[in-house]
Amino acid sequence: MIDRWWGNLLPKIAPFLYDEGGPIVMVQIENEYGSYGDDKAYLRHLVTVARRHLGDDVILYTTDGGTRETLEKGTIRGDTVFSAVDFSTGDDPRPIFKLQKEYNAPGKSPPLSAEFYTGWLTHWGENIANTGAHFTAAALDRILSLKGSAVLYMAHGGTNFGFYNGANTGADEFDYKPDLTSMIMMHQLENLVMWTMQSSKTLRGVVKRHSAASIPSVPSNNEKKGYNMIQLQKNESLFDLIDKIDPIGVVESENPTSMESVGQMFGFLLYTSAYAAKGPRRQFVHTKLEHDRAQVFISCPSEDNGGRPTYVENMGRINYGSHLFDQKGILSPVYLDGNILKSWKMVAIPFQNLNEVLDINPHNQ
């Protein structure tokens, strides 16, 4: 898969390399691989594929956390690749850059923080991450004072498309922390204008103090426009979609299956299973493992039969750490009053474009 993907991608990049007069001075082959992998054959294969398409002159590099364990697992010692590091803003860069030297060839280890965090991401339910300008500038000053370099992450933020927001985990995979869709990272391009009049501790002031060359002028403050209130209108109920589902697009299985197994990557997956109603008394339904959030509804209850449609939402795929294999949907048996529910029907509801009629693709299970 890597060979096919890079075989298509890298030839498009080659004309823009620095030696060809373009802006690309380095090409990263892996990112923080030492945080979840340890396969030198894999890394060497990436180097081989990159060299095949980009030549021998381009600088290939990796980035890993500034610890011995992550560097040992995530890069290749010597001059096969340049080993860069990243670390939390405010950490002492001196011992980390010293460690970085051990993994690069002698004389070929310029100190580089390849991800200098100008802020931090925010998970759902948290207060918006906010890193002060002076704190960030002081951290950058310590790096530049050591003749180091830093890549601002991020210089400008943005919003991910659709459901591509990502997620993290805490102590284990059950400590799930979905990210907000907006990856702002306290981006600096908008803040630079406000910071220009501040003290030399601002990012711009720090860079200017450590740079022998003149730095570009501050871009003009683009006019901001307010769009006032936006009135949203209800298009249709989520439950109305059930009546529009073509039976040929329904996946039937004895047990619930994952979102990936029905060709779904993002959005929602609808599960339904019939059950025998037992009058007015309360019934309990539970499952041990669902990713990420399940909403259970009762439809058409009666004395004879009933149904429980369950919408399972993919709240964001884990994109860092040891739990990257992040299946979505109902991943374990579902129990009703202690008995396993069987005979499930599933249909993918991707919500890729809310302006279009729901498109149900047929899948066979």
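Is asparagine 228 buried or exposed? Asparagine 228 counts as exposed, at 72% relative accessibility, where exposed means over 50% relative accessible area, buried means under 20%, and partly exposed lies in between (1.4 Å probe, protein chains only). The model shown is predicted, so local features need pLDDT of at least 70 and side-chain atom pairs count only at pLDDT 80 or more, whereas totals for chains, interfaces and linings use all residues. Residues are numbered from 1 along each chain as its sequence is written, and side-chain values use heavy atoms, with hydrogens and water left out.

**View 1. Asparagine 228 and aspartate 337 each have a positive phi.** Asparagine 228, with phi of about 60 degrees although it is not a glycine, lies in the loop between α7 (203-210) and α8 (240-244); helices (H or I, at least four residues) and strands (E, at least two) are DSSP runs, numbered from the N terminus. Aspartate 337, which is likewise not a glycine, has a phi of about 55 degrees and is placed in the loop between β16 and β17. With 27% relative accessibility, aspartate 337 counts as partly exposed. Most residues other than glycine have a negative phi, and most peptide bonds are trans.

**View 2. Strands β10, β16 and β17 form an open sheet.** The order in this sheet of three strands is β10-β16-β17, and the pairing is antiparallel; two strands are said to pair if DSSP finds at least two bridges between them. β10 (285-287) and β17 (339-340) stand at the edges with a single partner strand each, so one side of each has no neighbour in the sheet. Between strand β16 (residues 334-336) and β17 there are two bridges, and leucine 336 stands opposite asparagine 339 in β17.

**View 3. Strands β1 and β2 run parallel.** Strand β1 (residues 26-31) pairs with β2 over five bridges in the parallel sense, and glutamine 28 has tyrosine 61 in β2 as its bridge partner. β2 is mostly covered, since six of its seven residues are buried.

**View 4. Aspartate 57 belongs to a surface patch of negative charge.** The residues that gather in this patch are Asp19, Glu20, Asp56 and Asp57. Patches are made of residues with over 30% relative accessible area and no salt bridge, like charges being joined within 9 Å and nonpolar side chains (Val, Leu, Ile, Met, Phe, Trp, Tyr) within 5 Å. Aspartate 57 is found in the loop between α2 (40-54) and β2 (59-65) and is exposed, with a relative accessible area of 64%.

**View 5. A cis peptide bond joins histidine 291 and aspartate 292.** The omega of this bond is about 10 degrees, and aspartate 292 is found in the loop between β11 (290-291) and β12 (293-296). Asp292 is also linked with Asp326 and Lys328 in a network of salt bridges, a salt bridge being a side-chain nitrogen of Lys or Arg within 4 Å of a carboxyl oxygen of Asp or Glu.

**View 6. Salt bridges join arginine 209 to aspartate 141 and glutamate 313 to arginine 293.** By the same rule the count comes to 10 salt bridges. The side chains of arginine 209 and aspartate 141 meet at 2.6 Å, N to O. Because arginine 209 lies in helix α7 and aspartate 141 in helix α5 (residues 133-145), this pair ties together parts that are 68 residues apart in sequence. Arginine 209 is partly exposed, with a relative accessible area of 46%. In the pair of glutamate 313 and arginine 293, the closest N and O atoms are 2.6 Å apart. Glutamate 313 lies in strand β14 (residues 310-313) and arginine 293 in strand β12, so parts that are 20 residues apart in sequence are tied together. Glutamate 313 counts as buried at 14% relative accessibility, whereas arginine 293 is partly exposed, with a relative accessible area of 41%.

**View 7. Asparagine 160 lies in a loop, with its C-alpha atom 5.7 Å from that of threonine 181.** These two residues are 21 residues apart along the chain. The loop that holds asparagine 160 runs between β5 (149-153) and β6 (167-169), and asparagine 160 counts as partly exposed at 28% relative accessibility.

How values were computed
Areas by Shrake-Rupley, 256 points an atom, 1.4 Å probe, with all protein chains shown as cover. Lys, Arg positive; Asp, Glu negative; His and termini not counted. Charge placed at Lys NZ, Arg CZ, Asp CG, Glu CD.
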